[in-house]
Amino acid sequence: MESRTLGSQGLTVSALGYGSMGTAVGYGPVDDAESIDAIRRAHELGVTLFDTAEMYGWGKGERLLGRALAPLRDDVVIATKFGLTRSFGSDSRPEHIREVVDASLRNLGIDTIDVLYQHRPDPNVPIEDVVGTMKEFVESGKVRFLGLSEADEATIRAAHAVHPISVLQSEYSIFAREVEPLLPVLEDLGIGFVAYSPLARGFLSGAVVSRDGYEANDFRRHVPWWAPENFGGNRAIVGELTDLATRKGATLAQLSLAWLLARGGDIVPIPGSRNPLRVEQNLAAADLTLTAADLAAIDRIAPDGGIGGRG
């Protein structure tokens, strides 16, 4: 798989990464053995960027990813995040960041976190103080590169002035395009972009079902794309996109990931799947070339993304 450079500090990763949230939380029942197989299969197929967070099972996700990647540590880039509370509030106080980073290192079983993100901006802590604390970890060797997630332009610029930010991670897909006005800002500052939920939380996976088809603890039951008043319209969009993918000899997921890869050479989508076969199918998107006509067709089919917003 081709490599892509994120930022100006030397962070180089595979064009497609692996997002591990679903191995621990949010998408129904999990099977650790299957998840580990999926993670290792992703690496076999060329993936070097693996993404997790403290919040993914409050340590469970990090421990599972660390166990899966232990034999491969020297070949991969491991990213994690801090800054959320168990009630989904924000806590980026410097003393809390230090506690979380040390816990993440223990959970992952590593000496150095390759990419450390603030999971969400904290309205109660100036970003300069947050990045100043993150900078300490770079200087001590506990962290290699710094990132932000779901930050706005002012926050990104203020953070970057304290210490170079290598990458911004935010949701981006054919269905979720709110981040696009920030892309020129990132280009101007020399910051790469990691797209999480590139398959629109499964709506672009090719296997979407109504919200009633998901377990009670599956967060998709509350996402507006699945609301009864929006679901039919979004299914219609998916139908047209699937027809286009079929004409390309591809799956809907492959079309959706190839669309993101075509948006810029410093964009890296991180699809996540607990199924090794689905991982193989997703990663084949790296070999799919979309023409200008294909991209125009996608814009025509979903000019404003999904109906109802991502919530």
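This is a predicted model: local features need pLDDT of at least 70, side-chain atom pairs count only at pLDDT 80 or more; totals for chains, interfaces and linings use all residues.

Biologist: How many of the five residues of strand β8 are buried, and what follows for the strand?

Modeller: A residue counts as buried when its relative accessible area is under 20%. In strand β8, which covers residues 167–171, five of the five residues are buried, so the strand is largely enclosed by the rest of the structure.

Biologist: What is the bridge partner of leucine 168 in β9, and through which helix does the chain cross from β8 to β9?

Modeller: Strand β9, residues 192–196, runs parallel to β8, and five bridges join the two. Leucine 168 has phenylalanine 193 as its bridge partner in β9. The β-α-β crossover from β8 to β9 is right-handed, and the helix on its path is α6, residues 183–189.

Biologist: What is the order of the strands in the open sheet, and which strands stand at the edges?

Modeller: The open sheet has eight strands with parallel pairing, in the order β3-β4-β5-β6-β7-β8-β9-β10. Each edge strand has a single partner strand, so one side of each is left without a neighbour in the sheet, and these edge strands are β3 (18–19) and β10 (267–269).

Biologist: Which residue in β5 does leucine 49 stand opposite?

Modeller: Strand β4, residues 49–51, pairs with β5 in the parallel sense, over three bridges. In that pairing, the residue opposite leucine 49 is valine 77.

Biologist: In which sense do β1 and β2 run, parallel or antiparallel, and which residue in the turn has a positive phi?

Modeller: Four bridges join β1 (residues 3–6) to β2 (residues 11–14), and the two strands run antiparallel. One of the pairs is formed by serine 3 with its bridge partner serine 14 in β2. The two strands form a hairpin with four residues between them, and the turn residue with a positive phi, of about 80 degrees, is glycine 7.

Biologist: Why is the pair of phenylalanine 175 and phenylalanine 203 called tilted?

Modeller: The structure holds seven aromatic pairs. In this one the ring centres of phenylalanine 175 and phenylalanine 203 are 5.3 Å apart and the planes stand at 35 degrees, so the pair is tilted. The pair links distant parts of the chain, 28 residues apart, with phenylalanine 175 in the loop between β8 and α6 and phenylalanine 203 in the loop between β9 and α7.

Biologist: Are phenylalanine 175 and phenylalanine 203 buried or exposed, and which residues do ring pairs link into a cluster?

Modeller: Phenylalanine 175 is buried, with a relative accessible area of 2%, and phenylalanine 203 counts as buried at 0%. Ring pairs link a cluster made up of Phe175, Phe203, Trp225, Trp226 and Phe231.

Biologist: At what angle do helices α1 and α2 pack?

Modeller: The axes of α1 (residues 32–44) and α2 (residues 60–69) are 9 Å apart, and the crossing of the two helices is right-handed. The two helices are oblique to each other, as they pack at an angle of about 55 degrees.

Biologist: Is aspartate 287 buried or exposed, and how far is its C-alpha atom from that of tryptophan 58?

Modeller: Aspartate 287 lies in the loop between α9 and α10, and with a relative accessible area of 69% it is exposed. Aspartate 287 and tryptophan 58 are 229 residues apart along the chain, and the separation of their C-alpha atoms is 35 Å.

Terms used. Residues are numbered from 1 along each chain as its sequence is written. Side-chain values use heavy atoms; hydrogens and water are left out. Buried means under 20% relative accessible area, exposed over 50%, partly exposed in between (1.4 Å probe, protein chains only). Two strands pair if DSSP finds at least two bridges between them. A crossover is right-handed if, with the strands pointing away from the viewer, the path from the first strand over the helix to the second runs clockwise. Rings of Phe, Tyr and Trp (its six-membered ring) pair if their centres lie within 6.5 Å; planes under 30 degrees apart count as stacked, over 60 as edge-to-face and the rest as tilted. Axes are lines fitted to C-alpha atoms, for helices over the stretch in contact, and angles run from 0 to 180 degrees between N-to-C directions. Angles under 35 degrees count as roughly parallel, over 145 as roughly antiparallel, 65 to 115 as roughly perpendicular and the rest as oblique. A crossing is left-handed if the near helix is turned anticlockwise from the far one by less than a right angle, and right-handed if clockwise.
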